[in-house]
Amino acid sequence: MEDLLLNILEYGKLAIQIVVAFGIVIFLHELGHFFMAKIVGVGATEFALGMGPTIFSFQWGETLCKLCIFPIGGYVKLIGEEDEDVPLNLRHKSLRVKPTWAKISVIFAGPFMNFVLAIILLIGIPLIWGVSRTLPVEYDVLEPYINKDSTVIASYVVDPRKPAGKAGVKKDDTILAVNGAEVKNIAQFDQLMQENGGKKATLTIKRDYKTEKISFTPRKTRVRTPEQWLIGVAAAPDAQALKVRDVTKDSPAQKAGIQPGDVLVSVDGDALKDITQLHTAIQQGKKAEHTFVVKRGKETFTLKVAPEHIAGAMQIRWENGIFASIPTPRQVQAVAPGSPAAKAGIKAGDIILDFDQQEFANKKTYIAREKKTDITMYRRGDEPRELALTVKPGSDIGITLFPVNRRVGMGEAVTLGVESSGRLFTGFFKGIGQLISREVSTDEIAGPVGIMQYASTFARNGLRDFISFFAFISLCLAIINLVPFPALDGAHIVFFLWEGVTGRPLNPERQNLINYVGFCILIGLIIVVTFRDLRLWLGF
């Protein structure tokens, strides 16, 4: 009975968080329309948050403000917005008599407020929680550890609509084995899952230092592999240079003469600083041959590399919904003299890659759970190595860790927030493109039910993830509303632009018909997507 009450309280808390968050997003959207209408002299007779029967209302000047029972939208009723007879004494406040720029401003203000909300939230995240601390790591040394023998965890979020999430796999679970086969790295985990195919898969996981098994059946999907241009090098930043870690046999890079250990100085005249920059230059596919400036020892020379083109193709993938990663590396700030950590040789500045095969991102000290504590440690200039500390259960091993994040000032937070907004904005359109090209499955589209599932998952992850999710929702709402589709803000802007260009408004009856048809199509799409959400959730 007590557990039932706790579950009810938890779900009630989640429901309140989600309703309030959606309410803020919708309220600010409608507030944008309302305030801009006031600025340009358009009257508003109603301001409603929610739909359906009114819970309570109050009169504010000429506007009736209402809170409605269904938290699924809102609206502002403007004087003259619809084809109606406006009293003579109110015609100066009618939307229809305002100039084109004023009409467009009123409509655009709603999506604009959602853009502003998204940016403010994304500025607030680094300002409150900071940003990831840069660690003194040589990536070419750590890469073999990550690719060959590292702990695998379910990172960021386990998709609640996909098999693993539905079966109970959670963020930060350590994945020890798939069907009894030990998991040694991220690539091997993915390989084991794909080899398993559509058969029932049993994961052995570690959660809060306890081992358990979770079973589920992966879901089949068909996706198109993207078109690619490859040169066959694996590189990583090292002292602000791009150092070649490996070269694929018989690849274009090897044939051109690039060797492991080479430093790639530039490509086609552009200085190289990170692997993303190199990947972008090659994947554009605009050049049959790229010119690299390469440094080898004290010698610098030029090589020409012709990328290999690989066409996209449809393939079957078995989805589970787990985003695999390694535990968050932690840097040692101080070591207590004579402690188990000091006796094991751990020093300030060392990087701890693994604490007992568990994610350990939120604490500054480590309390041993068992007599033996297994740690994977890395020291700059050395190879990662494993240590076994003998410690009394329940006692501190003797290290103090730097926080995962560092504090930032307002200036840096604004820069990071704007950059994050830009990445989300471009990522939205990239996702649309991948859906069209079938590089991702249409099952990735979430309707109302799916969005609620994601919202509850992010809420459980913590306030930071929850705010990030709703920043993305606010941005999506802004973009979608600006699409020139009937019944959306974008269509109204197109109607007013037509009026401005031709000098006459679109026929009201025709405009209403267009909006009505568009609204019916939107409702139909929502029903279809909701059915897909329920199918993924309930498995029918």
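At what angle do helix 2 and helix 9 pack, and how far apart are their axes? In this predicted model, helix 2 (residues 100-129) packs against helix 9 (residues 410-437) at about 130 degrees, and their axes are 8 Å apart. Helix 2 also meets helix 11 (residues 463-481), with axes that come within 8 Å. The points below take helix 2 by itself, then each of these two contacts.

**Helix 2 itself**

- Helix 2 is made of 30 residues and spans 44 Å from its first C-alpha to its last, close to the 44 Å expected at 1.5 Å a residue.
- Helix 2 has a kink of about 35 degrees at Ala109, shortly before the proline Pro111.

**Helix 2 with helix 9**

- An angle over 145 degrees would count as roughly antiparallel; the angle here is about 130 degrees, and helix 2 and helix 9 are therefore oblique to each other.
- The crossing of these two helices is right-handed.
- On the helix 2 side, the contact involves Phe115, Ala118, Ile119, Leu122, Ile123, Pro126 and Leu127.
- Helix 9 contributes Met410, Ala413, Val414, Leu416, Gly417, Val418, Ser420, Ser421, Leu424 and Phe425.
- By class, the residues of this contact of helix 2 with helix 9 are 14 nonpolar, three polar and no charged.

**Helix 2 with helix 11**

- The axes of helix 2 and helix 11 cross at roughly 160 degrees, which makes helix 2 roughly antiparallel to helix 11.
- The crossing of helix 2 and helix 11 is left-handed.
- From helix 2, the contact is made by Pro111, Asn114, Phe115, Leu117, Ala118, Leu121, Leu122, Ile125 and Trp129.
- From helix 11, the residues in contact include Leu463, Arg464, Ile467, Ser468, Phe470 and Ala471.
- Further along helix 11, Ser474, Leu475, Leu477, Ala478, Ile479 and Asn481 also take part.
- The residues of the contact of helix 2 with helix 11 divide into 16 nonpolar, four polar and one charged.

Note on methods. Residues are numbered from 1 along each chain as its sequence is written. This is a predicted model: local features need pLDDT of at least 70, side-chain atom pairs count only at pLDDT 80 or more; totals for chains, interfaces and linings use all residues. Side-chain values use heavy atoms; hydrogens and water are left out. Axes are lines fitted to C-alpha atoms, for helices over the stretch in contact, and angles run from 0 to 180 degrees between N-to-C directions. Helices (H or I, at least four residues) and strands (E, at least two) are DSSP runs, numbered from the N terminus. Angles under 35 degrees count as roughly parallel, over 145 as roughly antiparallel, 65 to 115 as roughly perpendicular and the rest as oblique. A crossing is left-handed if the near helix is turned anticlockwise from the far one by less than a right angle, and right-handed if clockwise. Contact means heavy atoms within 4.5 Å. Ala, Val, Leu, Ile, Met, Phe, Trp, Tyr, Cys and Pro count as nonpolar, Asp, Glu, Lys and Arg as charged, and the others, Gly among them, as polar. The expected span of a helix is 1.5 Å times one less than its number of residues. The bend at a residue is the angle between axes fitted to the seven residues ending there and the seven starting there.
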